[in-house]
Amino acid sequence: MAVDKSADDTSKLPSVFPAWTDRLQIKYVNPVVKPLSRFLPGASVIRHRGRKSGKPYETVVTTYRKGDQLAIALGHGRTDWVKNVLAAGEADVRLFRRELHLVNPRILPAGSGDTSLPFAVRLQNRKVAVLVTDVSS
């Protein structure tokens, strides 16, 4: 599967959270939220593999679905899980109690104003980039 290599450069993505919150979230918040994600509206767990190690990872994200498209606002900007998903060209996500396979990941830069996105993501897209994927049938 062809992946847009220009979209792989996530170092230029804006972040609305300071860097220390990433470490706090990974170490303390995610382990608590991950088991509860089945019951929390919008909370999902995305499964991806490391680019170099191939090690499986699970990351808690907030997803927005509209039809066969899934969007994730990238408030933390440059993250390893985004790079992993872009490099692999696919990922799996647990949305409530359903497992979905995601393909064709791409990044919409901040301020792109794509009207095909769900309303809540369009609001966030004014300041942050959005990862958009297609849901595979």
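Which residues line the second largest pocket? I began with this and found R47, H48, R49, P56, Y57, E58, N84, A88, E90, A91, D92 and H101.

**Ground rules**

I noted that this is a predicted model, in which local features need pLDDT of at least 70 and side-chain atom pairs count only at pLDDT 80 or more, while totals for chains, interfaces and linings use all residues. Residues are numbered from 1 along each chain as its sequence is written, and side-chain values use heavy atoms, with hydrogens and water left out.

**The chain as a whole**

I looked up the secondary structure and found three helices and six strands, where helices (H or I, at least four residues) and strands (E, at least two) are DSSP runs numbered from the N terminus. Read from the N terminus, the order of the elements is α-β-β-β-α-β-β-α-β. The radius of gyration, taken over C-alpha atoms, is 14 Å, close to the 14 Å of the globule rule for 137 residues, so the protein chain is as compact as a globular protein of that length. I wrote down that rule as 2.2 Å times the number of residues to the power 0.38.

**Pockets**

A pocket here is an open set of points on a 1 Å grid over the protein atoms alone, where a 1.4 Å probe fits and protein lies on both sides within 12 Å along at least five of seven lines; lining residues have an atom within 4 Å of a point. The largest pocket has a volume of about 950 Å³, a volume being the space filled by probe spheres set on the points. Of its 39 lining residues, T59, V60, H76, T79 and W81 are the closest to the centre. I saw that α1 gives the largest share of this lining, with eight residues.

Returning to the second largest pocket, I recorded about 160 Å³ of space, and I noted that β1, β2, α2 and β4 (90-95) each supply at least two residues of its lining.

Is S44 buried or exposed? I found S44 in strand β1, and it is buried (under 20% relative accessible area, with a 1.4 Å probe and protein chains only), because its relative accessible area is 0%. Its side chain makes a polar contact with the side chain of T63 at 2.7 Å, that is, a pair of N or O atoms within 3.5 Å, one able to donate a hydrogen and the other to accept it. Leaving aside residues up to four places away in sequence, S44 touches S37, T59, V60, V61, T63, V93, R94 and L95, contact meaning heavy atoms within 4.5 Å.

Notes. Buried means under 20% relative accessible area, exposed over 50%, partly exposed in between (1.4 Å probe, protein chains only).
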